[in-house]
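Hi everyone, and thanks for making the time. Could you bring the structure up on your screens while I get started?

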Amino acid sequence: MKGKGGLDNSQCNYRGVRQRTWGKWVVEIWEPNRGKKLWLGTFDNAVAVASAYDEASRAMYGACARLNFPDFSTTNNTVSTNSQRPTCQICYKMGHTAIDCYHRMDFTYQGRHPPSKLAAMASSTHNLSSNYWISDTGATDHFTPDLANIQHPTEYTGTDTVTVVYKCCKDNNCSFHFDASKFSIQDIPSGKVLYKGLSEAGLYPIYGHPFKHTVSTTQSNSLPSVQSASVGVRASNPSTSTWHSRLEPIPNALPSLSTTTNTHPMQTRLKSGITKKKAFHTHKPDYLDTEPPSFTVASSLSPWVTAMEDEFSALHRQQTWTLVPPHPSQNVVGCKWVYKIKRNSDGTVSRYKARLVAKGFHQQAGIDYDETFSPVVKPTTVRIILTLAAQFQWPLRQLDISNAFLHGFLKEDVHMTQPQGFLDPTKPGYVCKLHKSLYGLKQAPRAWFDRFTTHLLSLGFTASTADPSLFVFHSKGAMLYLLLYVDDIILTGTSPTLITDLISTLQSTFELKDLGPLHYFLGLQLQYHTSGFTVHQTKYATDLLSRFNMTSCKPSSTPFASSSRLTPTQGHPFSDPTSFRSLVGALQYLTFTRPDLSFAVNQVCQFMHKPTDAHLMAAKRILRYLRGTLHRGLLFRPSSLHLQAYADADWAGDPVDRRSTSGNIVFHGSTPITWVSKKQNTVSRSSTEAEYRSLASTTAELFWIRMVLKDLGIFLPNPPILWCDNLSALALASNPVFHARTKHIEVDYHFVREKVLRRDVVVKFVSTSDQLADILTKYLPSPGFTRLRDKLLLSFQLP
């Protein structure tokens, strides 16, 4: 074989032979009909290689073989070194026999009917004892290589070709089960396992008597019941009488499986007689460290029993219901106990909380509920209050209303079953007619908000027109500010004495707990220091990483993978997108204190309806970035109270619908208080139009923030400054130009122009390199992203 190779390769004229560069000789041969080229092995000299080629050629081509040594047989002394290498009867490769061939059970390689090659396997030389039976994976044709295994063989004189078979499956009503290393025989009527054996040299031998039922050995033309390990002779082409002889069972002298010798040097447990039953894990979770799933589990643990008793006592103190007899016209809703472990910011258990929840999904609209909407405080309002507290060094107090929903009065007639475990023994068949709301009822949040709002207004508070969950109290130059988020309250103001008096007043009406200075609120952690305080979500982020098994992942430098946008057609869709939606929803709440995540989270949020594995990889990339930036948060410190905002847009950045992405960020002093990354609702025909739409939305946000500050009694000495890096958009905001190109955005045009003319906002130019809103509109390389992130967030260390 010519070509590059060793030093002697050019002098070699043998067929299929060549020398490799390191001196060894190799041989290859083509399969018949120009099939695959087969590798026959590596040899020390050219003669041995040529002899191996000849032997393989004879096996594959027979009389038509083209040989290197046509005048010598394979047993000649010249090639004696190679004559000891066997040739496979199935794949025709040297070095193994058919019984060890990788393709011995591959029907696609051998053809659909390989009995002749299986017979070659049986006739091949191997080290197994001949005193055994061999079963094939079809569980119909079983044979033995030794005629001595049949005690009374009878010669067949018919014209059909016959094979010796073992019809145990049909005659003994059993089934065979095979895998790569073992097999078993199972009785079909009873399902009992009759025999288990191991694979030996690629075959499945059966030793001993696997069947226990007895049969008659009388021979007849009719088919008698088959004795264990009995065999028969069957024609290849079955006729009316295929059984010609019934033979005797195999002698009892056959070795059992337990006495089979294994010559492999490895010492195993089976050889040592060591057996160990499979241990099933019976470990039960610790329901003092995790929430119990049912009342049955919780009722066996004293802390949870105490929690349920406390909840039931609170319901009775509040006179939440009265027991009434049931009536067919009543729509009775169910109830259940829900358990929650309240934890401190460091993860330790604070208390065990059991809550009785009504099954609101049993309610019917117009019968037992009507209006359900209830407002909650906006995140921007929370950050504004924190900015003012840091600026004026006001105290921050946190309050919690126990069983807040129980204080709301119901306007509709609602009936509920008695709670599990607390059935009234004197009235077991009665139902609860609710006077106050319960958790789980559709109108419960609205009823509680109406009750608490009414009480605050009676105390002299006024609700903000910009945010209905913000309440302001004026008293002789003193100011109090109260933020309400369901049952969690933040209280701050200019007078600590007035704050204490208000807490005492509220405690006389509601079951209120004073949690002291604000440290942990809705997943937000406050870390105080001499120059102010830092707000972060380290615990929330750590729990999120643990929840999705990403605590030990490799951190990434950015929350997005590349400069290419995600598309709906990337990857393969999920059959169940619940996990993806849960992850993205958790990431959304993480943007409360992390503006650097807003753009990446906005991208994955666009595929909630039909996510794919590519979208999941993008979401996990955010978790990897989060893993490396856990200790970053917003710094609140004393500074000026000026408002300034940055607005930007990525024109036609979406490759699917070519809509632009708007981004803006607003600073109150040196602290960012609001930020947005959002795809625009319509397609912009120019970059000027896209930038101008972003200017309009940022102006509206500034106008709303000024309304909040006005309700708080804070007045700005100067109008807010709006920074933009598009000169055409700035010219359009300040001058009536480009009318023909911009008349279709007339509403946005007049809105911004009006605010600019009234000096409600001042628009100015900023270079692209200093545009902080760039981090909210597009993918940025790692250096640029890190530079802008460091201007927004502070790196800190936990105490």
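**Around helix α11**

Let's begin with what sits over the buried residues of α11: the cover includes β24 (520–521), β25 (524–529), β26 (532–536), α12 and α14 (613–628). Before we go further, please keep in mind that this is a predicted model.

So which residues of α11 are buried? Helix α11 spans residues 538–547, and its buried residues are T538, K539, A541, L544 and L545. Just past the end of α11, have a look at N549, which takes a positive phi of about 55 degrees.

Now let's move to α12, one of the elements covering those buried residues of α11. Two packed helices are described by the angle between their axes and the distance between the axes. Here, the axes of α12 (residues 578–590) and α13 (residues 598–605) come within 10 Å, crossing at roughly 150 degrees. Angles over 145 degrees count as roughly antiparallel, and α12 and α13 are therefore roughly antiparallel to each other. Their crossing is left-handed.

Who makes the contact? From α12 we have F580, V584, L587 and Q588, and from α13 we have V601, V604 and C605. Sorted by type, the residues of this contact are six nonpolar, one polar and no charged.

My last stop is R789, in helix α19 (residues 782–792). Is R789 buried or exposed? With the limit for buried set at under 20%, R789 counts as buried because its relative accessibility is 8%. Setting aside neighbours within four places in sequence, R789 is in contact with S557, D596, Y625, T629, R632 and I775.

Notes
Residues numbered from 1 in each chain as written. Predicted model: local features only at pLDDT ≥ 70, side-chain atom pairs only at ≥ 80, totals over all residues. Heavy atoms only, no water. Axes fitted to C-alpha atoms, helices over the stretch in contact; angles between N-to-C directions. Helix = DSSP H or I, 4+ residues; strand = E, 2+ residues; numbered from the N terminus. Parallel < 35°, antiparallel > 145°, perpendicular 65-115°, else oblique. Left-handed = near helix turned anticlockwise from the far one by under 90°. Contact = heavy atoms within 4.5 Å. Nonpolar A, V, L, I, M, F, W, Y, C, P; charged D, E, K, R; others polar. Buried < 20%, exposed > 50% of the residue type's maximum accessible area, 1.4 Å probe, protein only.
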